[in-house]
Amino acid sequence: MRRLRALAIGLGVVLGLAVPVAGAPGSAGGPLLACAADIGPRAVLVVDDGARVLRLCVALDATTVSGIRLVELAASQHGLSYSLGFGKQAVCQLEGVGPTGGDCFASYPDFWGYWHGNGSGGWTWASGGAATFRVGNGDVEGWVWGAGDSGSTHRAPPPTRADDVCPPAPPPEPSPSRDPEPRDDAPAGGTADDDGGDGGDGSATSTQPSASSSPATEGEPKRDREDDRARDRATASVSPRPTALPTDDAGDLRATGASVPRDGGGPAPGLLAAAALGLALGGAAWWRTRQRRAGSAP
């Protein structure tokens with residue numbers, strides 16, 4: 001028995017805590033505001049029974065709903081009590097105010113007047129029924145209990161801005177920017193030049209070939225090619241091109257006055273032999289001429 005009594009007490013506490021939450025929109029007092037989910041289409045429903053004002057943010061279950069469907073959604077989301085009449089085409093009672101039967105005009109000249117808000121606080125008397133009017137995202141709808149069958153004679157709802165009841169959803173947070181990831185084949189600290197080394201001072205070296213340079217030979221380093229070209233230019237400027245020397249029928253060099261290029265700073269062996277031969281032939285010719293002149297003398 002003690003266990004059953006403790007269980008009953010605990011259940012009563014839970015129900016007692018839940019009742020005020022479900023009945024909050026319908027409690028007595030000043031203007032009440034209630035918000036629905038922050039995402040999806042939403043509309044504002046204002047209920048003014050002359051003693052209190054309810055301002056409800058209602059989440060729509062479609063892109064647009066009828067004015068009657070907006071009342072039903074407010075009942076399911078905020079506990080709004082209501083009663084419909086004339087085949088669910090009109091509102092008879094809201095929050096306990098209005099006729100209890102199916103005749104929504106049983107208390108005429110008082111009835112629930114239907115209004116459309118402009119979202120900035122202004123109101124317009126509805127020219128049609130709530131069952132045919134379409135309510136969309138950001139719209140404001142109002143119901144006021146009072147006398148008068150037109151917008152000039154019936155009391156309008158208090159000024160209500162849509163953003164005050166259904167604050168705009170915050171914009172999505174931008175995704176964090178990602179720095180470009182370095183390539184796996186790129187060396188750290190700069191871009192390698194085309195001979196595989198760095199720029200010498202740690203800076204990146206361009207890989208574009210120079211307009212004056214010749215195409216690279218596959219497998220030949222760039223610096224080796226430049227060194228070879230520099231060495232060729234230096235050799236061409238220092239070493240003159242050798243001049244071919246005339247030879248006789250036997251293939252020996254003739255004695256000429258032409259200069260013979262030197263290689264390595266000393267005379268070539270062939271040049272010495274040619275000079276000696278020239279001197280010998282010249283000396284023999286001079287000796288024979290001298291002998292002839294001595295023989296012909298008296």
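In the predicted model, Cys57 and Cys166 are joined by a disulfide with a sulfur-sulfur distance of 1.9 Å. The S-S torsion of this pair is about 125 degrees, so the disulfide is right-handed. Cys57 belongs to strand E3 (residues 53-59) and Cys166 to the loop between helix H3 (162-165) and helix H4 (222-238), so the bond ties together parts that are 109 residues apart in sequence. Both Cys57 and Cys166 are buried.

The structure holds two disulfides; Cys92 and Cys104 also form one, with their sulfur atoms 1.8 Å apart. Here the torsion about the S-S bond of Cys92 and Cys104 is about -75 degrees, so this disulfide is left-handed. Cys92 lies in strand E6 and Cys104 in the loop between E6 and E7, twelve residues apart. Cys92 has 0% relative accessibility and therefore counts as buried; Cys104, at 3%, counts as buried too. With bonded cysteines counted along the chain, the disulfide pattern is 1-4, 2-3.

Strand E6 (residues 90-94) is mostly covered, five of its five residues being buried. Strand E5 (residues 82-85) pairs with E6 in the antiparallel sense over four bridges, and Ser83 has Gln93 in E6 as its bridge partner. The two strands, E5 and E6, form a hairpin with four residues between them, and Phe86 in the turn has a positive phi of about 55 degrees.

E6 and strand E7 (110-117) each supply at least two residues to the lining of the second largest pocket, with E7 giving the most, four residues. This pocket holds about 200 Å³ of space. Its lining comprises 15 residues, of which Ala90, Phe105, Trp112, Tyr114 and Trp143 lie nearest the centre. By class, eleven lining residues are nonpolar, four are polar and none is charged.

Key. Residues are numbered from 1 along each chain as its sequence is written. This is a predicted model: local features need pLDDT of at least 70, side-chain atom pairs count only at pLDDT 80 or more; totals for chains, interfaces and linings use all residues. Side-chain values use heavy atoms; hydrogens and water are left out. Buried means under 20% relative accessible area, exposed over 50%, partly exposed in between (1.4 Å probe, protein chains only). Two strands pair if DSSP finds at least two bridges between them. On a 1 Å grid over the protein atoms alone, a cavity is a set of points where a 1.4 Å probe fits but cannot get out, and a pocket is an open set with protein on both sides within 12 Å along at least five of seven lines; lining residues have an atom within 4 Å of a point. Grid points are joined across faces, edges and corners, and a volume is the space filled by probe spheres set on the points. Ala, Val, Leu, Ile, Met, Phe, Trp, Tyr, Cys and Pro count as nonpolar, Asp, Glu, Lys and Arg as charged, and the others, Gly among them, as polar. A disulfide is a pair of cysteine sulfur atoms within 2.5 Å.
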